[in-house]
Amino acid sequence: MDALHRHRSLYKGTTPPWKETYRKRCVDRLKNSRSRLLEKYRQMGEESQQSCSSKGSIMVQEVMEEEWNRLQSEDRGLPSLWGASGLGQMFSVMKEYDELAVLEEIQQELMSQELSIIDEYERNLQFEEQYISSIVEEMEEAEMHIICPICHMNNLNINSHFTSCPCGLYINTKQHNITPEVLRGLLESRVSEHMEDCLHNPVFSMAANTDGSSNLMISCKACDYLSIVL
């Protein structure tokens, strides 16, 4: 505690010199932890998700603790702020100091950013469901016809030997046992996989192999997603 008092006395009434470095590192770490944040969010129950969205946080304390420890390892003059009770204990210890306002400001910024990431994910999820639904509606025509994902105009001709379209799509499927149901499942799976991390609409195209055969590909320039559909 003496080290903490000595440290605070140096910057009483001023902006701590570590503020911007610490704030930027926390913000960057939270952004770079987007996948882990969303994985934790998905694992939470609906009630916990609603509580988190209204007033709580998922990774803010973890981010602030880890970045403070990192900053402290570079500057031994900084005190250890986190005890066994975490962020709440640190705030109670610091309540008489000016730096408390700085840390609370950073905490609020991180919580706002975390909620922004979650809100974006929820919007993406809703968009994905609508996008898949629209594709399925296009596919669900009479006799299980599937609209060509490249030209969006013609029904694909699907049989035991090949899948084709008047627009130029042609894939030898003799060894794959492709049916309209199987192809629809492949298309939905790839679209869902891409939409987990990207808001943009993917595009479908043909790619030739060295043996002269072709594959149906799905790709996205915005996120560099690339995968074989068929």
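Visitor: Which residue in β5 does Ser205 stand opposite?
Guide: Ser205 faces Met217 there. Keep in mind that this is a predicted model.

Visitor: OK, and how do β4 and β5 run, parallel or antiparallel?
Guide: They're antiparallel, with 6 bridges joining β4 (residues 203–208) to β5 (residues 214–220).

Visitor: What holds paired strands together in general?
Guide: Strands of a sheet pair through backbone hydrogen bonds.

Visitor: Back to that hairpin. How many residues are between the strands?
Guide: The hairpin of β4 and β5 has 5 residues between its strands, and Gly212 takes a positive phi near 95 degrees.

Visitor: New topic: in what order do the strands of the open sheet come?
Guide: The order is β1-β2-β3, 3 strands with antiparallel pairing. β1 (157–158) and β3 (170–172) are at the edges with a single partner strand each, so one side of each has no neighbour in the sheet.

Visitor: How many bridges link β2 and β3?
Guide: There are 3 bridges between β3 and β2 (residues 162–164).

Visitor: Let's jump to α8. What's its reach from first C-alpha to last?
Guide: Helix α8 (residues 180–195) reaches 22 Å with its 16 residues, close to the 22 Å expected at 1.5 Å a residue.

Visitor: Which residues in α8 are buried?
Guide: Pro180, Leu183, Arg184, Leu187, Arg190, Val191, His194 and Met195.

Visitor: Why would residues a few places apart point the same way?
Guide: An α-helix has 3.6 residues a turn, so residues three or four places apart point the same way.

Technical notes
Residues numbered from 1 in each chain as written. Predicted model: local features only at pLDDT ≥ 70, side-chain atom pairs only at ≥ 80, totals over all residues. Heavy atoms only, no water. Pairing = 2+ DSSP bridges. Helix = DSSP H or I, 4+ residues; strand = E, 2+ residues; numbered from the N terminus. Expected span 1.5 Å × (residues − 1). Buried < 20%, exposed > 50% of the residue type's maximum accessible area, 1.4 Å probe, protein only.
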